[in-house]
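Hi,

Here is the structure I promised to pass on.

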Amino acid sequence: MARLGELERAVMEVLWSADQACTARDIVDALSDRELAATTVLTVLSRLERKGLVRRDRDGRAHRYRPLASREEHVAALMREALDTADDRVAALARFVHEVTPAEADALAEALAEAMRRRGKQRQQEAVQ
Amino acid sequence: MTMAVTAVALAVLAVCLIGPVSHTLAQARWVRREPKAALVLWHAVGLAAGLAALGASAAVALAPLGGGLLGATFTWLSSAVQGDVFSDIGVGHSLLLIATFALGFRLVGTLALNTWRTLRARRRHRTLVDLVGRPWPKARGGRVLDHPEAVAYCLPGLTPRVVLTSGALKLLDEEEVAAVLAHERAHLEGRHDLSVLTFGAWAAALPWFPGVRRARRAVQALVEMVADDRASAVSDRTALASALARFGASRSLSTAPLGALAAADVTTLERVQRLLNPPPPARLARVGAYVSAVLLVAAPTLALLATA
């Protein structure tokens, strides 16, 4: 499974960096150093299609694949989910810090100065020892 | 004890737990000193309240059958399987019995539904993170997303992920990154998501009770404190404080949705101050919390089993 996941990444990289829709053959050639079989690439492509990540179009006798969203669009969607504060999202992932008010941010800046002062002192003491 | 006494006692217990007890516990100051014990106590309060409420209404509904709660349940079940569901206890008691079942199904059903939704959302999110994130060898299951905004979070589960943005790595120094990782790992190893999920589901199932909402908010705040404490044990406490403060100060620059603030009882600032000036442990409160937790779960269970 880990290998399949890694292959999916590699295939998506090819599709994202290509100027146009790719055939399975194009992908095999682009990843030639891995010496993949065409059937392996087709398996990965159908997995990606099932996950809603690529789209398949018929072009003559071959199928051409292209990504449904760019990498940046996926990252933006992930960020939206990570910052979403709806209750059912809160359970899905655990965020390090939640939203703060502007007043709290000012107080946090002061607390940060205090923390950094102490860490500086800690380091000095460690250096002396 | 007779069924009537049991029913009254359990009803009183349920009302106390959902009302004054949850109110008092949500306001208590000692929980900052002993967040782990407080977390255990909240679980006991939730479990005991559910047992007591369901037990009280079942005891009243089945009282006409006699023979204690277990005996009455058995009598009712044996006539129910013969198709005679309600005749032995009459209309009023039957309605109460239906209400009891409805409440039980609602609690279990909401939990099941929320769990399923959460797992699905997590799986989808993890698929995408694995696809567009860079593997990050510093942490098991670590991924870096290329995004200027500083964000750190973890995806709990059997194959967990710790996700940081490139913005977060730029914001933090090395010790701070280690502290953030330790905090997220504490969430993953403690399976804090299961507590948050359960209390979230019950708050969704019972939106009419402020006590249940209070419990959910308190649990969300407590798991953060527990993770802060565990992270402080294995990494630098002041580095965790400065990481929190940096994140907090940077986050306010982005336009945060209003209303998000109400979600956290303990603010980021309070967490930072708690790390910089750690409150002394409260041993008495801790022992008291654990003993109360055991008693709270034992009392309604025994009352239900021992009713004649």
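A word on the ground rules first. This is a predicted model, so local features need pLDDT of at least 70 and side-chain atom pairs count only at pLDDT 80 or more, while totals for chains, interfaces and linings use all residues. Residues are numbered from 1 along each chain as its sequence is written, chains are lettered from A and ligands numbered from 1 in the order in which they are written, and side-chain values use heavy atoms, with hydrogens and water left out.

**Chain B overall**

Chain B has 11 helices and four strands. Here helices (H or I, at least four residues) and strands (E, at least two) are DSSP runs, numbered from the N terminus. The C-alpha trace of chain B spans about 70 × 45 × 35 Å along its principal axes. Of the 308 residues in chain B, 48% are buried. Buried means under 20% relative accessible area, exposed means over 50%, and partly exposed is in between (1.4 Å probe, protein chains only). If you take the contacts in chain B between residues at least 6 apart in sequence, 71% join residues at least 24 apart; a contact means heavy atoms within 4.5 Å.

**Two helices side by side**

Two packed helices are described by the angle between their axes and the distance between the axes. In chain B, helix α2 (residues 35-62) packs against helix α11 (residues 283-306) at an angle of about 15°, with the axes 9 Å apart. That angle makes α2(B) roughly parallel to α11(B). Angles under 35 degrees count as roughly parallel, over 145 as roughly antiparallel, 65 to 115 as roughly perpendicular and the rest as oblique. The axes are lines fitted to C-alpha atoms, for helices over the stretch in contact, and angles run from 0 to 180 degrees between N-to-C directions.

Which residues meet there? On the α2(B) side they include Val40(B), Leu41(B), Ala44(B) and Leu51(B), and on the α11(B) side they include Ala289(B), Tyr290(B), Leu296(B) and Pro300(B). The residues of this contact divide into 16 nonpolar, three polar and two charged.

**Salt bridges**

Side chains of opposite charge can pair when their charged atoms come close. How many salt bridges are there over all chains? A search of the whole structure finds 28, where a salt bridge is a side-chain nitrogen of Lys or Arg within 4 Å of a carboxyl oxygen of Asp or Glu.

- Arg34(A) pairs with Glu6(A), with the closest N and O atoms 3.1 Å apart. This pair links distant parts of the chain, 28 residues apart: Arg34(A) is in the loop between α2 (24-30) and α3 (38-50) of chain A, and Glu6(A) is in helix α1 (residues 2-17) of chain A. Arg34(A) is partly exposed at 32% relative accessibility, and Glu6(A) is partly exposed at 36%.
- Glu13(A) pairs with Arg71(A), and their closest N and O atoms are 2.6 Å apart. Glu13(A) lies in helix α1 of chain A and Arg71(A) in helix α4 (residues 71-83) of chain A, so the pair ties together parts that are 58 residues apart in sequence.
- Arg271(B) pairs with Asp228(B) at 2.9 Å between the closest N and O atoms. Arg271(B) and Asp228(B) are both buried.

There is also a network of salt bridges that links Arg119(A), Arg123(A), Asp173(B), Glu175(B), Glu176(B) and Arg246(B).

**A buried tryptophan**

Trp136(B) sits in the loop between β1 (134-135) and β2 (142-145) of chain B. Is Trp136(B) buried or exposed? At 12% relative accessibility, Trp136(B) counts as buried. Leaving out residues up to four places away in sequence, Trp136(B) touches several others, among them Val144(B), Leu164(B) and Leu181(B).

Most residues other than glycine have a negative phi, and most peptide bonds are trans. Glu35(A) is not a glycine, yet has a positive phi of about 50°. Glu35(A) is in the loop between α2 and α3 of chain A and counts as exposed at 73% relative accessibility. Arg191(B), not a glycine either, has a positive phi of about 45°. Arg191(B) is in the loop between α6 (174-189) and α7 (192-205) of chain B, and is partly exposed with a relative accessible area of 26%.

Cheers

Definitions and conventions. Ala, Val, Leu, Ile, Met, Phe, Trp, Tyr, Cys and Pro count as nonpolar, Asp, Glu, Lys and Arg as charged, and the others, Gly among them, as polar.
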